[in-house]
Amino acid sequence: MPTPAARPTPAARPSAAGGARGLDWIARTRLTSGVVLLVYVATHLLNHALGLISLGAMEWGRNYFLPVWRNPVGTLVLYGALSVHLGLVLYALFRRRSLRMPMREVLQFIAGFAIPPLLALHVIGNRGLYELHNLNDLYAWVLIAVWVSDPIEGIRLVAALLLAWFHGCIGLHFWLKLKPWYAAGWAPWLFTVALLWPAFSLAGVAAGLREVAILLEQPAWAEAVAAEINYPSAEGLAWALGTVRASYWGMAAILVAIVAARLARHVLARRTITVTYPDARTVTVTPGHSVLEASRNSGIPHASVCGGRGRCSTCRVRIAHGLEHLPPPSEEEARVLTRIGAPDNIRLACQIRPDHDISVAPLLAATAQPADGHRRPAYLQGSEREIAILFADIRSFTQFSEKKLPYDVVFVLNQYFRAMGAPIERAGGQLDKFIGDGVMALFGVRGGVKRGCREALDAAREMSLSLAELNTNLKDDLPEPMRIGIGIHTGAVVVGEMGYPAARSVTAIGVAVKTASRLETSNTEFHSQLVVSAEVATHAEVDLSAFPRRQLTVRGRDEPMDVFVIEDARQLPVLESAKGSRRIEAAVD
Ligand code: FES
């Protein structure tokens, strides 16, 4: 196996040529053809909706609808998109090694396969007869033929149109839900449009039918319609019905061929491979299964927000063993992996189809959301960084809370957290967590250790100022002013996003974290407000020699460490901010 150092960085991640690039092209073509079909269905439904005005309005709309979709270019685009989309869906059905999939995908598949047989008679009876037998398929004629003569066909048509519309909308939703703007507020509006569009269309058809029923009471109107449509001859009708029957047989034959090809592939597979998961669960599959399919086959929960289309990244896995046997990521997979800043031992489970044994660890919970696939800083994946860590805690708060009502305790604590959180964020720090009445914050995660140490000192000074202000504001609610202890230390720690979905945050782990916590508690023995390790002062290039320097024994360190003990953090020198643009001016009491 190549060493991690020998592998390329995410930014320079190579992608596989040839076949994998072909798959990217397939995905894009399927999406594009689907969008074309959805536009066609949308304009068709819009034309129906004009029935709410009158039958005449429907015919008027048809005069604009037909020239777009029945001219040679429109015809090529429409039927080309239909053929390509159907072909690619059938290919996807063949290519899938497992037919286990979430219910929403099952419904989309069923909807997709139900549309062609439901629409066959309508398409051949209208477009086919128009092209070959000069039928003028007026709305009036279609409404009579479909609803008056054959209401069952009317119901089939409505079902087909609704299925086509919602099949397209679901596909569009899967695509858009990975876009931040969609989740940020557009989704409910588009959902409303998706519901109202067919509702208006059906209402238009119902209104058109009502008008037709009234007009049919005038024999002259029916005769005029019959004359205008150029009703097909018996030969033409026989051709239409024969073609519909042949299309049913053709569709059935294609489905049977795909099922047979899948069975043959399964029977001919000579070899199996093992996919191993972190809890030592193993799944045996034939080569060609994606890892996501392997998970689904064996009921292992696995996130897949985009349904295995290689867009969301939520199925990502860390490859523990077997990376060297995997082909490089396709262009599309490489793009998604680069977007989330994944190191090169992270791959998309839906895109890798191992042909050797492999060990993987899914990185997200099965309940992952679309936001988990949005662009994220690389450090969230976990990395070792040298940063500054700040701990702060209220002194004697337990005694205070025992004497107060729970409501008062929560009120004071929330005021306190606001007073401490704002200076930390203003200084450039990242609030890690609030633990009871304590605060933990990280500095320099992205800006480096020097900047982090300067920001942490800035934050400590501002926190002290903020506390003084809070004590003034709460003087009637507190038996005595609140006091805090702050500890700041620096060192190499592991930084990353950790936790379970609802409680996940960026945090740090390492000896330096424990040491910073120890410095915070040492304020009690030093009767001080702030204890800063000498290493922080060195990195920050700040002269703290005006403050007492002490030695402190810390568990896990062989030697006592040097610290600066600061009675009042407001006495810290005013620093030119590490960001270079902000300068804190404050008076010390
Ligand atoms: S399931 Fe969305 S990228 Fe794999």
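Helices are DSSP runs of H or I with at least four residues, strands are DSSP runs of E with at least two, and both are numbered from the N terminus. Welcome to a predicted model, in which local features need pLDDT of at least 70, side-chain atom pairs count only at pLDDT 80 or more, and totals for chains, interfaces and linings use all residues.

**View 1. S201 in helix α7.** Let us start with S201, which sits in helix α7, residues 180-215. With a relative accessibility of 1%, S201 counts as buried (buried is under 20% relative accessible area, exposed is over 50%, and partly exposed is in between, using a 1.4 Å probe and protein chains only). Which residues does S201 touch, not counting those up to four places away in sequence? They are L45, H48 and A49, where contact means heavy atoms within 4.5 Å.

**View 2. E153 and helix α6.** Here you can find E153 in helix α6, which covers residues 151-176. Is E153 buried or exposed? Its relative accessibility is 6%, so E153 counts as buried. Leaving aside neighbours within four places in sequence, E153 is in contact with L121, H122 and V146. Now follow α6 from end to end: at 1.5 Å a residue, its 26 residues should span 38 Å, and the end C-alpha atoms are 37 Å apart, which agrees. The expected span of a helix is 1.5 Å times one less than its number of residues.

**View 3. Helices α2 and α3 crossing.** The axes of helix α2 (residues 55-70) and helix α3 (residues 72-95) come within 5 Å and cross at roughly 75 degrees. That makes α2 roughly perpendicular to α3. Angles of 65 to 115 degrees count as roughly perpendicular, under 35 as roughly parallel, over 145 as roughly antiparallel, and the rest as oblique. The axes are lines fitted to C-alpha atoms, for helices over the stretch in contact, and angles run from 0 to 180 degrees between N-to-C directions. Look for V68, W69 and R70 of α2, which meet P72, G74, T75 and L78 of α3.

View 4. A disulfide is a covalent bond between the sulfur atoms of two cysteines. How many disulfides does the structure hold? There are 0, counting a disulfide as a pair of cysteine sulfur atoms within 2.5 Å. C169 is in no disulfide, and the nearest cysteine sulfur, that of C306, is 19 Å away. C169 counts as buried because its relative accessibility is 17%.

**View 5. Two loop residues with positive phi.** S313 belongs to the loop between α10 (291-297) and β3 (316-321). Its phi is near 75 degrees, a positive value in a residue other than glycine. S313 is buried, with a relative accessible area of 1%. H527 is found in the loop between α15 (511-526) and β11 (530-533). H527 is not a glycine, yet has a positive phi of about 55 degrees. H527 is exposed, with a relative accessible area of 69%.

**View 6. V256 in helix α9.** Finally, visit V256 in helix α9, residues 234-268. V256 counts as exposed, at 56% relative accessibility.

Conventions
Residues are numbered from 1 along each chain as its sequence is written. Side-chain values use heavy atoms; hydrogens and water are left out.
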